[in-house]
Protein chains: 2
Amino acid sequence: MSAENTVTVWLGPDSDLDEVFELAQQLRVDSVRSSTAAGSGHPTSSLSAADLMAVLMTRHLRYDWQNPKNPANDHLIFSKGHASPLLYAMFLAAGAIDEEELMTTYRRKGARLQGHPTPVLPWVDVATGSLGQGIAYGVGVALAARDLEQQSSRVWVLCGDSEMAEGSVWEALDKAGRHRLANFTVIIDVNRLGQSGPTELGWDTDAYVRRAEAFDCRALVVDGHDLAAVEQALTVADDGQAPTVIVARTVKGQGVAEVADAEGWHGKPLPDDLAARAITELGGVRHHTVRGPQPPAATSTDPVAPVQVTLPQFKTGEAVATRVAFGKTLAAIGARPDIVALDAEVGNSTHAEDFGKAHPERYFQIYIAEQQMIATAVGMAVRGYHPYATTFAAFLTRAHDFIRMAAISQISMSLCGTHCGVEIGADGPSQMGLEDLAMMRAIHGSTVLYPSDATSATALTASMADLDGISYLRTTRGAYPVLYAPDETFPVGGSKTLRTGDSDQVTLLGAGVTVHECLAAADQLAAESIPARVIDLYSVKPLDVGTLARAAQETGALVVVEDHHPEGGIGEAVLSALAAQRLTPAYAHLAVHDLPGSGTPAELLDITGISRTHIARAAHDLVGH
Amino acid sequence: MSAENTVTVWLGPDSDLDEVFELAQQLRVDSVRSSTAAGSGHPTSSLSAADLMAVLMTRHLRYDWQNPKNPANDHLIFSKGHASPLLYAMFLAAGAIDEEELMTTYRRKGARLQGHPTPVLPWVDVATGSLGQGIAYGVGVALAARDLEQQSSRVWVLCGDSEMAEGSVWEALDKAGRHRLANFTVIIDVNRLGQSGPTELGWDTDAYVRRAEAFDCRALVVDGHDLAAVEQALTVADDGQAPTVIVARTVKGQGVAEVADAEGWHGKPLPDDLAARAITELGGVRHHTVRGPQPPAATSTDPVAPVQVTLPQFKTGEAVATRVAFGKTLAAIGARPDIVALDAEVGNSTHAEDFGKAHPERYFQIYIAEQQMIATAVGMAVRGYHPYATTFAAFLTRAHDFIRMAAISQISMSLCGTHCGVEIGADGPSQMGLEDLAMMRAIHGSTVLYPSDATSATALTASMADLDGISYLRTTRGAYPVLYAPDETFPVGGSKTLRTGDSDQVTLLGAGVTVHECLAAADQLAAESIPARVIDLYSVKPLDVGTLARAAQETGALVVVEDHHPEGGIGEAVLSALAAQRLTPAYAHLAVHDLPGSGTPAELLDITGISRTHIARAAHDLVGH
């Protein structure tokens, strides 16, 4: 076939393997062309997996490229997101994109064909590029499709071999094995070479097999360039009997002698002259178009009838922990069939177990694997569910990279971090979430909520189900008095002014437990004839800038107090809001500066300088009495 | 034995197993007593492992309790940190603490016997309590002891079974197997019950064996309450032949019939009456004291002669990436024998590989396992080394929980995150560190540095080796002109004023790549007769408050520009510093608000609103022209 050949050849499930090989070569050529044109990208990582993907897309991937929203479609996830030239070459072969887009926009400004795939492309479910994540998302997608929807969709994940060093991969395979996800197949492209040299396991395909089997998955070894062997393995994987790991021995740069199995070619486009020789060696440019197996026609899902949700109510003055209100509310909104809940084996502490008791079929126990908990949530969100994933605030840091990537995937989901701050008391610093506000505020497009009582926790927990993006609820371990009547509303971006008068000299700003400390401090200050306004900043991101600005103008002095490290939390959020308004009140910030130890909650609030006593003193100092 | 027995019995390697059983019962009784006295804690999780620890401490743990700094000591790490009652009961049995401390201070305010162990106790190497971490630190300790020091120290890690669901555990065992760490033994206390119910694998000890073996560790199954079997397994583990995983089938609450193997008792102290019955059932209070095997006498390590370090130098004006300067400097300071470097298979991008070429014996390739990279660094710091761990800034988020816990362990180590911000260009958002400043600023006791050129990168990289706590260097992908002469100094907490004059109307504050944009913006502004001061905030935490305050006072207007999300970064650090000074200049903050895509660095700086053009415009608006 010459480089000038422009005849379109249709390929599909009936094509023989010689034709599939032509497709594989086309995917290689197009991977080389697009990355050389872009001046960057990972052609050699694409070449190793081209045969695997050519067989998959012609014969096994049931996908309607014209209707990526068809719920009966299979899912294809490139966990090795850097092989985007291969993925986009597949999109071209499927007729989903055209030649011009591939050749002129890949990796360019404003393009949807980004360096690593993201869901700005309708055929991409999740952003990848942080290794060891695609496989984890795939587990969530497969679980949702099978157990929540009884859809026959299969999930196919292409992994690199380097990423098998990530622990998250084994969390994922553990869950695939445990749930017998027979609709889940991982193809490991064992090309032996990582970014900077040989991978940890090289071509020791047996090691991958032992590990996959130890995690209760079926494992098959194939020569990833023997199309018949690949076809056989994919047919086995497609038998619906077991989660399958295909360990494919491949050659990085396969098909281009000058770079094949050579070090130093990771993440480098071929220079123009080498690209030209490579394309010739690969048989020139082709224009095969693939119409692979088609999914069943989309079953028209009945529009879900609006559901009546009855939220729990709490009496003002009653002592109730916000985590308790969260659990009860989560169970209540579970009346909505799109709500799912995920637990990392702390559901009796976080109270997520309330949902599990009410809706066991939509409650997923992930055990102590926070990365996989978030990944499962993301996978379920891909299938249209709204997940609530919950653990201690401190342990959400374990999944930071997954939360970051979920934001790039533009996933909507809700996280709840319980046991925040030094307020937890005796368990000590390892269990105290003191960094979570900084982490969650800096997540792109996030919403950060932090209720001080059961009524607001209830309202905010319910609101989160309809928020776009990643929303975060921070809850407290201890029980504190309910401050608000059940009919009170808590719009996202709002705040509550709990104490105010015409002559307020200072404003005390808290959230969560520190609201209660601010109220007590206001009492102390009142006794000293210093009237103090008290504001509950239950919405940390977005902040209620209007109320803040008024407080700054009217009282001229602010004390912000938070059970969090000083950096990145409520204090800095307030300063950012005020700076944007060019308001500059007198200001004091009380936060946890020292490394805490054990103690009672009250002792620890006091030792770390965020108790009522410290608030009153700071206010005192600010107003100059 | 009655509850009144107060005769001290000495136990040691020659004690028979009946005597060891008495010790095990003592550890149980003391676990019950201390947690009941404290009113919180995890006695049942302690009871399951008491037999294992009794045999270990009498017969295998070579430890000089009077000299915990002896480098020949073994290491005992409670990865299941919630079993602190058992650990502290062992300390009492060893004579390291006394009865009064255990009974009156455990979990109390100001106590060193915190809810979960931390290194405020001299016999504790690392803080645990975030599960799946102790085992990972142990790998680092064992690697350092064996490969860097040729010490015969062994590392013993007690794991819970629930924590085996964490991927980090498999990253750790992968490294133990790969490095054939024959001085490393993990004992899994398979008590079948987690916090909220049965564990994922229950008593399926074979599953643990299959997995440990698949990761190339030797695995042994024992009845964890059969002292002879435990002794036999520990003897095998102690043979110096292979990394060993002892899978011990145990009963949670063993020895106390009312709670043994019962759900609902995790993390709950026994009420007074039940505690009294338990102590009677366990044979009453004992006062055995253990003197187990002793390590070789501490070999007097020769004081290391001061080493001459010759740092690289760069010509002003030359285009050099800060990551390049980092790599060269790391190789140079490697002349110091206490410096070690760790890579997550991106050393050719981060330039950490320069160290590997110069000092291969102190360069550790962890492959793509960022959690284990940080854990290995922590373990090496425990043995007295100063580690530099490096990957892309974005991927350090993968190890957030390990960094958080390292701060609680009061570890000194240096991290370098390369490829920060949208400046990286075509690879897209998955590779862009846009949350790392928020993450690293909020780490307790951290130092955050962000050089704009090769000279400052060199100086700061070298300075980090002598900083206490966790220090972080943020570096940039692209090459930018060297701004500073080689003799310039860069104290931590300082800044550099690059442009200044008597009539400055505005101050432009940047760090890293945005310093170069600020300089260009100042040129544009000068052309419009707006003199602008330019400050390089290379030290983000601590900030140079004095220089900032002067700039605010003298110019009255600040523009802060950073290649990071708006939350938790340089802008908020500046606002916090100014608020503490009660300074309130006009203020503009340019940061990355939108989700970026691919493009060239210059295009992306401009699209996201942090380029010279945007800086000049913001300054223009502030000064009211």
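1. The largest nonpolar core has 252 residues. Those that touch the most other members are L173(A), F184(A), I374(A), L508(A), L173(B), F184(B) and L508(B). Bear in mind that the model is predicted.

2. Take L508(B) from that group. Leaving aside residues up to four places away in sequence, L508(B) touches C518(B), A521(B), A522(B), L525(B), A532(B), R533(B), V534(B), I535(B), V559(B), I615(B) and A619(B). R533(B) is one of these contacts, and Arg counts as charged.

3. There is also a second core, separate, of 50 residues. Its members include W65(B), M90(B), A229(B) and V230(B).

4. Now the interface. Chain B puts 95 residues in contact with 96 residues of chain A. Together the two chains bury about 8,000 Å². Carbon and sulfur atoms account for 48% of that area.

5. How many salt bridges are there between chain B and chain A? The count is 18. One salt bridge joins the side chains of R441(B) and E572(A), at 2.7 Å from N to O. Polar contact across the interface of chain B and chain A comes to 60 residue pairs, with both residues at pLDDT 80 or more. On the side of chain B that touches chain A, 31 residues are nonpolar, 38 polar and 26 charged.

6. Cysteines next. Over all chains, the search finds zero disulfides. C159(B) is in none: the nearest cysteine sulfur belongs to C217(B), 11 Å away. C159(B) is also buried, at a relative accessible area of 0%.

7. The cut-off for a disulfide is 2.5 Å between sulfur atoms. C416(B) counts as buried too, with 1% relative accessibility.

Definitions and conventions: Residues numbered from 1 in each chain as written. Chains lettered and ligands numbered in written order. Predicted model: local features only at pLDDT ≥ 70, side-chain atom pairs only at ≥ 80, totals over all residues. Heavy atoms only, no water. Contact = heavy atoms within 4.5 Å. Buried area = accessible area lost by both parts, 1.4 Å probe. Salt bridge = Lys/Arg side-chain N within 4 Å of Asp/Glu carboxyl O. Polar contact = N/O pair within 3.5 Å; in protein donor to acceptor, adjacent residues only side chain to side chain. Core = buried A, V, L, I, M, F, W, Y, C linked by side-chain atoms within 4.5 Å. Buried < 20%, exposed > 50% of the residue type's maximum accessible area, 1.4 Å probe, protein only.
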